[in-house]
Amino acid sequence: MQARISSKAATGRSAGEAAILEAAVKLFSEKGYDTVSMRGIAEEAGVSKANIYHHFDSKEALYRSILCASASQLAGLVSELAGSAGPFEKRILDFATEHLSRLEGDALSSRVILREAFSGNDEHNKLLVDEVFGGIFERMVAIFEAGQRAGVLRNELDAALCATLLIGADVFFFQARGILRHLPQAGFASDLPRFSAQMVDVMLNGMLAGTLPAAAGQGGEG
């Protein structure tokens with residue numbers, strides 16, 4: 001699979017720079033940041049190592065370019081959610097559906113981000129927060145807080161947790177879909193819109209058919 005990030009990130013770039021980005025996405029997604037060398041990227045891209053340094057000062061600069069390209073796509077999606085009209089529930093569903101679609105559509109670049117997020121490398125995790133996703137997450141939280149102020153969501157809920165659950169459900173599905181497809185009970189694995197619709201329904205409306213008894217709802221024993 002070609003890294004679609006190359007076509008989005010390569011606007012205004014030369015063919016050689018686009019090839020470098022495409023090769024870097026492929027290798028970073030497969031091997032992780034620390035394992036990939038500039039020589040390896042050059043060989044994959046079919047360019048000289050010097051050509052890479054002509055476009056990017058370092059491997060870290062190349063890596064940040066890829067992260068920022070992915071972040072810009074997600075930032076645009078969050079902006080659409082923040083600025084869209086209509087019922088809160090529909091806006092959240094539209095976001096969840098499109099977010100998952102973009103994860104799937106840009107699978108290689110998505111895995112670059114997720115590989116680093118789950119690597120345990122605290123330095124890279126801080127980079128992801130400080131320079132890439134911190135502001136995007138802040139806007140997501142603000143959207144849920146706006147829902148609370150509008151009386152759509154319960155005020156006692158943690159808006160940051162709500163945002164985490166929404167994004168996390170899509171990320172888990174994207175990562176685990178290969179396994180889920182082989183589970184006979186998980187028919188939703190082959191139907192992205194169905195997954196998004198039911199996931200958002202569960203998130204916003206819960207699983208219980210009726211109201212919890214008062215004691216249970218308050219965390220009582222029994």
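Reader: Which helices each supply at least two residues of the lining of the second largest pocket?
Author: This is a predicted model: local features need pLDDT of at least 70, side-chain atom pairs count only at pLDDT 80 or more, and totals for chains, interfaces and linings use all residues. Helices (H or I, at least four residues) and strands (E, at least two) are DSSP runs, numbered from the N terminus. On that basis, two helices each supply at least two lining residues: H9 and H10 (192–205).

Reader: How much space lies in the second largest pocket?
Author: A pocket is an open set of points on a 1 Å grid over the protein atoms alone, where a 1.4 Å probe fits, with protein on both sides within 12 Å along at least five of seven lines; lining residues have an atom within 4 Å of a point. Grid points are joined across faces, edges and corners, and a volume is the space filled by probe spheres set on the points. For the second largest pocket this gives about 480 Å³.

Reader: Which residues are closest to its centre?
Author: The second largest pocket is lined by 16 residues. By class, they are 11 nonpolar (Ala, Val, Leu, Ile, Met, Phe, Trp, Tyr, Cys, Pro), three charged (Asp, Glu, Lys, Arg) and two polar (the others, Gly among them). Closest to the centre are Arg154, Leu157, Met203, Leu204 and Asn205.

Reader: What is the volume of the largest pocket, and which helix gives the most to its lining?
Author: Helices H5 (59–83), H6 (88–105), H7 (107–117), H8 (122–149) and H9 (159–180) each give two or more residues to its lining. The volume is about 740 Å³. The most, eight residues, comes from H8.

Reader: Which lining residues lie nearest the centre of the largest pocket?
Author: The lining holds 27 residues. They divide into 16 nonpolar, nine polar and two charged. Nearest the centre are Leu74, Ile113, Leu114, Phe133 and Ile167.

Reader: How many salt bridges are there?
Author: Side chains of opposite charge can pair when their charged atoms come close. A salt bridge here is a side-chain nitrogen of Lys or Arg within 4 Å of a carboxyl oxygen of Asp or Glu. The count comes to eight.

Reader: How far apart are the closest N and O atoms of glutamate 98 and arginine 102?
Author: These two are four residues apart in helix H6, so about one helical turn separates them. Both are partly exposed: glutamate 98 at 31% and arginine 102 at 27%. Their closest N and O atoms are 2.9 Å apart.

Reader: Which residues do salt bridges that share partners join into one network?
Author: Glutamate 30 and lysine 26 meet at 3.1 Å, N to O. They are four residues apart in helix H2 (residues 15–31), so about one helical turn separates them. The network joins Lys26, Glu30 and Glu44.

Methods. Residues are numbered from 1 along each chain as its sequence is written. Side-chain values use heavy atoms; hydrogens and water are left out. Buried means under 20% relative accessible area, exposed over 50%, partly exposed in between (1.4 Å probe, protein chains only).
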